[in-house]
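Here is a short report on aromatic side chains and their surroundings. Keep the sequence and the 3D view at hand while reading.

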Amino acid sequence: DLLHIGTHGYYFPVLERKNISGESGYKWADNPMFRSYLLMAGGLNAHRGKMPLGGFDDGLLSAYEIASLNLTGTQLVVLSACQTGLGDLHSNEGVYGLQRAFKIAGAHHLLVSLWKVDDDATQVFMQRFYTYWIADNQDVRVAYRKAQQWMRQQKDYSDPYFWAGFVLI
């Protein structure tokens with residue numbers, strides 16, 4: 001029912017792409033499904049344009065790769081990482097990036113972020129969200145809204161920077 005991934009997320013807009021020696025090919029790929037990825041174990045070398053550790057998998061889970069997974073029956077994918085809701089906007093077709101990939105793979109709902117989120121605030125938000133969703137048995141949309149409302153009422157997290165970056169799709 002639930003897939004929670006807490007890692008680093010990346011999206012490289014087409015306008016900011018540069019083919020600089022030593023940079024990862026993912027960063028300057030034409031296909032936006034390659035320019036959106038999650039950094040998994042061992043992925044830092046590939047992210048920095050170096051050889052993967054041990055010459056094995058690069059540790060970068062691209063949107064392109066995610067789209068080929070079978071996540072049918074997955075009620076919620078939480079991408080507790082920065083910029084996981086971003087991608088290239090294509091006319092009437094929507095956003096091409098991680099969110100599209102998980103939807104293609106079969107996920108029903110996604111909880112993603114639109115900017116570089118604060119680590120402490122993310123932890124607090126996620127704990128509150130899961131309390132409402134699982135412990136209190138609330139609908140996922142209700143739990144999301146309540147978690148945002150709760151964050152807004154907290155002195156340390158009332159600024160929208162701390163809670164408004166998360167989007168439920």
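Rings of Phe, Tyr and Trp (its six-membered ring) pair if their centres lie within 6.5 Å; planes under 30 degrees apart count as stacked, over 60 as edge-to-face and the rest as tilted. By that rule, the structure holds 11 aromatic pairs. The model is predicted: local features need pLDDT of at least 70, side-chain atom pairs count only at pLDDT 80 or more, and totals for chains, interfaces and linings use all residues. Residues are numbered from 1 along each chain as its sequence is written, and side-chain values use heavy atoms, leaving out hydrogens and water.

**Stacked pairs**

A pair of aromatic rings is described by the distance of the centres and the angle of the planes.

| Pair | Centre to centre | Angle between planes |
|---|---|---|
| Phe34 and Tyr64 | 4.6 Å | 25° |
| Phe129 and Trp133 | 6.0 Å | 20° |

Phe34 and Tyr64 link distant parts of the chain, 30 residues apart. Phe34 sits in the loop between β2 (8-11) and β3 (36-39), and Tyr64 in helix α2 (residues 63-66). Helices (H or I, at least four residues) and strands (E, at least two) are DSSP runs, numbered from the N terminus.

Buried means under 20% relative accessible area, exposed over 50%, partly exposed in between (1.4 Å probe, protein chains only). Phe34 is partly exposed at 29%. Tyr64 is partly exposed too, at 48%.

Phe129 and Trp133 are four residues apart in helix α4 (residues 119-135), so about one helical turn separates them. Both are buried.

**A cluster and two charges**

Tyr10, Phe12 and Tyr37 form one aromatic cluster. Charges also meet rings. A charge sits over a ring if NZ of Lys or CZ of Arg is within 6 Å of the ring centre and within 35 degrees of the ring normal. The charged end of Arg100 sits over the Tyr96 ring, 4.0 Å from its centre. For Arg128 over the ring of Trp150, the distance to the centre is 4.0 Å.

**A buried serine**

Which residues does Ser36 contact beyond its neighbours within four places in sequence? They are Tyr10, Tyr11, Leu61, Ser62, Ala63, Leu86, Tyr96, Gly97 and Leu98. Contact means heavy atoms within 4.5 Å. Ser36 lies in strand β3. Its relative accessibility is 1%, so Ser36 counts as buried.

**Tyr161**

Tyr161 is in helix α6 (residues 160-163). Its relative accessibility is 36%, so Tyr161 counts as partly exposed.
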